[in-house]
Amino acid sequence: MSPEGKADLAAGARCPIPISDYPAVLLAHGGGGRLTQMLIERFFLPEFDNPALRTLHDGALLEIGGARVAFSTDSFVVHPLFFPGGDIGSLAVHGTVNDLAMCGARPAALSAGFILEEGLPLEDLWRVTRSMKEAAAAAGVPIVTGDTKVVDRGKGDGLFINTAGIGLVLPGIDIAPRRAAAGDAVILSGTIADHGVAILSVREGLEFETPLQSDSAPLAGLVERLLQVGGNQVHVLRDPTRGGVASSLNEIAAQARLGVRLDERAIPVREEVRGACEFLGLDPLYVANEGKCLVIVAPQAAAAVLAAMRAHPLGRESAIIGELVERHPGKVVLRSGIGGTRIVDMLSGEQLPRIC
Amino acid sequence: MKYVDEYRREPEARRCLELIHRTVKKPHTVMEICGGQTHTLIRSGIDRMLPKQVTLVHGPGCPVCVTPLEMIDRAIAIAARPEATMTSFGDMLRVPGSVTDLLAVKSQGGDVRVVYSPLDAVKLARAQPQRQVVFFAVGFETTAPANAMAVWQAAQLGLENFSILCSHVLVPPAMEAILASPDNRVTGFLAAGHVCTVMGYKEYEPIAEKHRVPIVVTGFEPLDLLQGLHMVLAALEEGRRGVENQYSRSVRREGNVPAQELMARVFEVSDRQWRGIGCIPRSGLKLRPDFARFDAELRFAGLDIAVKESPLCIAGAILRGLKKPSECEQFGKGCSPEKPLGAPMVSAEGACAAYYRFGREDEP
C-alpha cells in the first residue's frame, strides 16, 4: 500500500462521520462500534462532561467520604428473554456486577428497574425475578432498590431491565487505561463469542449438533482472585461485551495510546462457536461475550495472574493472547494463523451476515 | 475445526510460500475473481507475503459491489411500501442507494429483514399471506440455485405474495469483458471455487484458450489460495494456459448438474448492468416467462428508476482490476465504511472494505 494509503487509513480511524448523516437512530448506534462511539463522543460526553465520565470506563470511579466507590449502570433489551445459558434477569445482574468488577471493585449493592410491556405473562416475569435472585446470590450482592413501569402493548418488547450498582474499589488497586504500558501482557479469561452466537442461534432458529450456550457469568470472584495475585501490576480490566474482544482492545489501545498485538492462534474459540461463525459469516472477535474479561497486566506478573485465573472455575481456559507495544498506537494488529498480519479495526455498524 | 483447520496451518503455508518464491522469476498480474477470496488473501496477510513480481488485483466477484445503484433504489422503494416485507442477505442492507440505504428505511418503519436463505423468505410469505414478501435475489452462480429453488417452491405452493427482485450476474462474461478490455493487465485468474462447485469449469476452457491465460479454480481458505496462486504462477512461468482445478474437494468439471437444471428451468440468460462496469451482454439471469409473475419489478409499480453514480467513485476501475483501492483519492477520506461512496467499500467482500478494515502495518 502506498504511504498515502497509510495516512488515509489513520485519518479514517480518527474522523467519524457527522451524526446528521443519519437523521434517526439506527440499530447500529447501539452496536458498540463506531456509531455508538460517535453518539458518546458527540452527544453525551460534551454535554455531561465531568472528570469521572471522561475516563470512559465500564463504570465511574468516585471518591465519597474518603472511600473509593465504583458506580455503573447497564440496560438489557435482549431478545429472546430466555436463552441457552441464561435469561434477561441473570444477564442484567451479571452485566452490572461485571462492570463493577472491571473497575477493580467488589460489588456492594444493585438496583433493578423494570419496564414491562402490557401483556407480558406474569409467569415469565416470575421466572426472570427468580433468576435475578439466584444470580445476585451467587455473585454475593443484594438487590436493594428498584422501580417498575408498564408501557402499552406494542411499545416495548415484553421486558426491559436496567440495573445499576455500586462497589468499593479493592485496596491498593488502580485500574485505568492510562496505566497500561508497552510490554504489558493481554490475558483473556476464556473462549470468545459464546454469548452472541448462542443468542443468534436461538433468534434465527439455527440448530447445531452441539447446543450453544451463553457464557453469562458473574466475574467479580475471578477478578478479586486475580487482583489478589497481580495487585497493582494489573493495569486494565475490560469485559468484552457488545462489539466483542476487537472493540474492547481498540478502545484500550486508543485510550492508552499504545498498540495491541494479538496472536490469532492463541485466542480460544469453542469449536462449535467457530463453526457457527464460519457458517454465518461472522468474525468471533466482534461477537459479544457476557462472562469473559480482558486483563492487561505487567509482564513480570503475567504468569502468576494467568495461573490464578486458570485455577478459578470461570477462568480455566485463560490464555495470553497478545501484548501492548509502542508501535502503531491506537491500533490492534493481529498475526493471522498462517503468519500474516492485519489490522483489527473497530466495527462500523453491526456485523451483517454475508451473502455467500 | 474439521475441513477448516487443515487449510489454515502455518507450516504448510510457509512451504507453499517458499514454493511460490522459488517459482516466480517474471512479473505477473493475477486476478482473484471472488470477493471471498479477496478477503481471505488480505485477512490472512497473503498479499504481503508474495514475491514482489506478483501483483494481485481484485476481481468483480462481490455480488454486493456489482449490483447496480438503481436496483438498490428499487429495493429501497419496495421496502418503503406499507404492504411489503423486503428480505435480503445481510450485506445488502448497508449498501447506499442514491439517497438512503435499507437500514435507514428500516429505522423509519420499513419492514426489512435479514434472512439466511431465500427459502426463509418463502416461509415468511406463507406465514404472512396478507403481506407481499420480496427477496432481493443478488449474486453469482453460487446463489442462483437457491434463489431458483425459492421461486420454484413459491410456484408449487401457488404463493401470490412472494416475488424476487432479481439482479443475478454470471462470472464468465465478466472475465471475457476484462480480458477484451484494451487496458487489461491481468495475465492469470483464480476462478471462484463456489461458483464452479455449481457450474463446473467447462465454460472456462474456451476463455483460457481464446485469451491464452491460465485459470485455476481455487477455494477460499488460506492454503487453498496459496496453492491456487502457486498453480497459476507456475503455469505463467512455463507459458502454459488452460484450466486447472485446485479446489478438487468440491469442484468437478461438470459441476452440480441438478442445480444447473433447476437454474435453467427458472432463469434465462439476459443482458445485465454491472455497477461500476456498465452493461455486459448475456452476463446475467432473469426469470423465464413461466415464472415472470414472481418478478418484483413487474409486481410493483413505480420502480422505473434511473440514477447517477458518484463521479468521485472509481469502483469500475477497481472491479476491473485497473486500480487498487489505495490508489483512489477518496479512499479513507471521502469514502469509508461509515460513509461509502461506492459498493466495494460496503460489502464484507468488497475490495475497498477489505483494504480499509485490514489496513497495513510497516513491519510484519
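Helices H4(A) and H5(A) are roughly parallel to each other, because angles under 35 degrees count as roughly parallel, over 145 as roughly antiparallel, 65 to 115 as roughly perpendicular and the rest as oblique. The structure is a predicted model, in which local features need pLDDT of at least 70 and side-chain atom pairs count only at pLDDT 80 or more, while totals for chains, interfaces and linings use all residues. Residues are numbered from 1 along each chain as its sequence is written, and chains are lettered from A and ligands numbered from 1 in the order in which they are written.

**Exercise 1.** Describe how H4(A) and H5(A) cross and which residues make the contact.

*Solution.* 
- Step 1: The axes of H4 (residues 88-101) and H5 (residues 122-139) of chain A come within 7 Å and cross at roughly 30 degrees. Axes are lines fitted to C-alpha atoms, for helices over the stretch in contact, and angles run from 0 to 180 degrees between N-to-C directions. Helices (H or I, at least four residues) and strands (E, at least two) are DSSP runs, numbered from the N terminus.
- Step 2: H4(A) contributes residues including Ile88(A), Val93(A) and Val97(A), and H5(A) contributes, among them, Val128(A), Met132(A) and Ala139(A). Contact requires C-beta atoms, placed from the backbone, to lie within 7 Å.
- Step 3: By class, the contact of H4(A) with H5(A) has nine nonpolar, five polar and no charged residues. Ala, Val, Leu, Ile, Met, Phe, Trp, Tyr, Cys and Pro count as nonpolar, Asp, Glu, Lys and Arg as charged, and the others, Gly among them, as polar.

**Exercise 2.** Characterise the crossing of H6(A) and H9(A).

*Solution.* 
- Step 1: The axes of H6 (residues 194-203) and H9 (residues 271-280) of chain A come within 10 Å and cross at roughly 60 degrees. H6(A) is therefore oblique to H9(A).
- Step 2: This crossing of H6(A) and H9(A) is left-handed.
- Step 3: On H6(A), Asp194(A), Val197(A), Leu200(A) and Ser201(A) meet Val273(A), Ala276(A), Cys277(A) and Leu280(A) of H9(A). These residues comprise six nonpolar, one polar and one charged.

**Exercise 3.** State how E2(A) and E5(A) are joined to E7(A).

*Solution.* 
- Step 1: E2 (residues 67-76) and E7 (residues 159-169) of chain A run antiparallel and share eight bridges; strands pair if DSSP finds at least two bridges between them. Opposite Phe76(A) stands Ile161(A) of E7(A).
- Step 2: E5 (residues 105-117) of chain A also runs antiparallel to E7(A), through 11 bridges. Here Ala112(A) faces Thr163(A) of E7(A).

**Exercise 4.** Determine the strand order of the open sheet in chain B and identify the edge strands.

*Solution.* 
- Step 1: Six strands of chain B follow the order E4-E3-E5-E6-E11-E10, with mixed pairing.
- Step 2: E4 (111-114) and E10 (267-274) of chain B are the edges; each has a single partner strand, so one side of each lacks a neighbour in the sheet.
- Step 3: Neighbouring strands of this sheet are turned by 25 degrees against each other on average, direction ignored.
- Step 4: E10(B) is joined to E11 (residues 278-287) of chain B by seven bridges, and the two run antiparallel. Arg272(B) has Ile280(B) in E11(B) as its bridge partner.
- Step 5: Helix H7 (residues 144-157) of chain B packs on the sheet, touching E5, E6, E10 and E11 of chain B, and its direction makes about 155 degrees with that of E6(B).

How values were computed:
Left-handed = near helix turned anticlockwise from the far one by under 90°. Contact = placed C-beta atoms within 7 Å.
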